[in-house]
Amino acid sequence: MTAALTACLTLPASAAGTDAASGAHGEHAATQAALDSVVREGPPGGIALAELGRTTWAGRAGTADLSTGRKPRADDRFRIGSITKTFVATVMLQLEAEGKLSLDDTVDDWLPGLVAGNGNDGSRITLLRLLNHTSGIYSYTDDETFKRKEFSTDFLRHRYETWTPRQIVRLAMSHRPAFAPGDGWGYSDTNYVIASMVIQKATGHTYAHEIEHRVLRPLHLDATRVPGTSTRLPGPSGRAYSKLTGELAGPGEPGGATYDVTELNPSFAGAAGEMISDSRDLNRFYRALFSGRLLEKPQLEKMMTTVPIEGVQGFSYGLGLMKMTLSCGTEVWGHNGGIQGSISQTMATADGGHVLSLNFNGDWNVHEQRVVDAEFCGS
């Protein structure tokens with residue numbers, strides 16, 4: 001879901017378990033310390049997996065399950081939220097390379113009449129503008145009724161309900177655009193729901209099928225799936241927790257109630273953020289992406305052509321891909337993601353030689369960027 005604008009190796013047996021995974025040794029001591037500090041200030045637990053060349057390090061902090069006291073494991077699965085967008089953009093760029101569509105096509109070329117009303121005009125919005133968030137389309141996750149239903153305690157009554165992509169787009173179309181296409185940048189989850197509908201129209205298959213066929217199977221990402229309406233989080237996994245304050249990833253009230261939100265129907269997120277994975281699979285995916293295994297050179301270059309974000313220093317956005325310049329000057333690429341009870345991020349150097357994936361099993365007061373800075377800057 002909404003990104004927070006804050007600043008293929010096999011795991012060794014010791015890292016895959018629950019006891020040795022938390023070793024803060026060598027150059028990763030700062031990363032472990034940052035992981036610990038985030039958990040002290042907010043979510044119940046966290047995990048991180050870093051790969052540098054042929055070296056793999058796994059860290060953990062806190063608790064994966066508040067009812068049993070189970071500790072986090074390096075191979076725990078979790079909901080990855082908006083990291084889903086990088087998978088969606090990869091598929092669309094593959095389709096462009098195959099001549100099945102062009103990023104210069106408009107939404108109306110593929111889905112006539114879908115984006116219309118209240119000043120919305122699909123004939124003026126290209127597929128490129130969907131992927132880099134310059135479409136101006138309102139993000140349905142900003143709708144106050146939606147937020148109350150999904151991110152407040154009302155979620156407990158609605159957690160198993162199904163949303164369709166057309167329902168989501170209709171909700172977005174009840175709002176005026178944030179700006180004219182190309183006249184600004186605005187992160188909109190609606191963009192990727194529409195992109196998934198274009199993928200289905202262009203291929204005759206769901207975007208989930210295309211991701212599985214084109215990415216998950218070739219890379220043997222066995223822990224990764226597109227769940228659709230399935231409410232279960234497959235094991236191994238901990239539990240996911242939220243304060244259900246009405247805002248995702250906001251600060252939780254001190255001493256406020258904590259709710260188990262592990263089970264939910266992720267169709268409300270769809271192609272904007274429904275996928276499930278683990279740290280090893282995410283690292284493998286991004287390493288394959290940046291090494292050119294998934295995209296032809298022109299498409300990868302297009303993916304990594306970014307739009308600067310006014311008012312956010314050191315941050316720009318490509319096609320389903322963020323670029324960040326960290327405090328030490330290191331440039332990293334990837335995406336973050338949030339969904340009820342889960343805040344995640346994967347970042348890598350442009351060559352994929354150094355990559356980090358992390359997850360916290362709570363969605364309040366999470367300063368995940370602190371762990372990224374520690375891993376890539378050493379402080």
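The side chains of lysine 100 and glutamate 98 form a salt bridge, with N and O 3.0 Å apart. A salt bridge is defined here as a side-chain nitrogen of Lys or Arg within 4 Å of a carboxyl oxygen of Asp or Glu. The structure is a predicted model, in which local features need pLDDT of at least 70 and side-chain atom pairs count only at pLDDT 80 or more, while totals for chains, interfaces and linings use all residues. Residues are numbered from 1 along each chain as its sequence is written, and side-chain values use heavy atoms, with hydrogens and water left out.

Lysine 100 is partly exposed, at 39% relative accessible area. Glutamate 98 is also partly exposed, at 41%. Buried means under 20% relative accessible area, exposed means over 50%, and partly exposed lies in between (1.4 Å probe, protein chains only).

A second pair sits within helix α6 (residues 144–151). Helices (H or I, at least four residues) are DSSP runs, numbered from the N terminus. Glutamate 144 bridges to lysine 147, with the closest N and O atoms 3.3 Å apart. The two residues are three apart, about one turn of the helix. Glutamate 144 is exposed, at 52% relative accessibility. Lysine 147 is buried, at 9%.

Across the whole structure, the search finds 15 salt bridges. One of them pairs lysine 85 with aspartate 189, at 2.7 Å between the closest N and O atoms. Lysine 85 belongs to helix α3 (residues 84–97) and aspartate 189 to helix α9 (residues 189–203), so the bridge ties together parts 104 residues apart in sequence. Both residues are buried.
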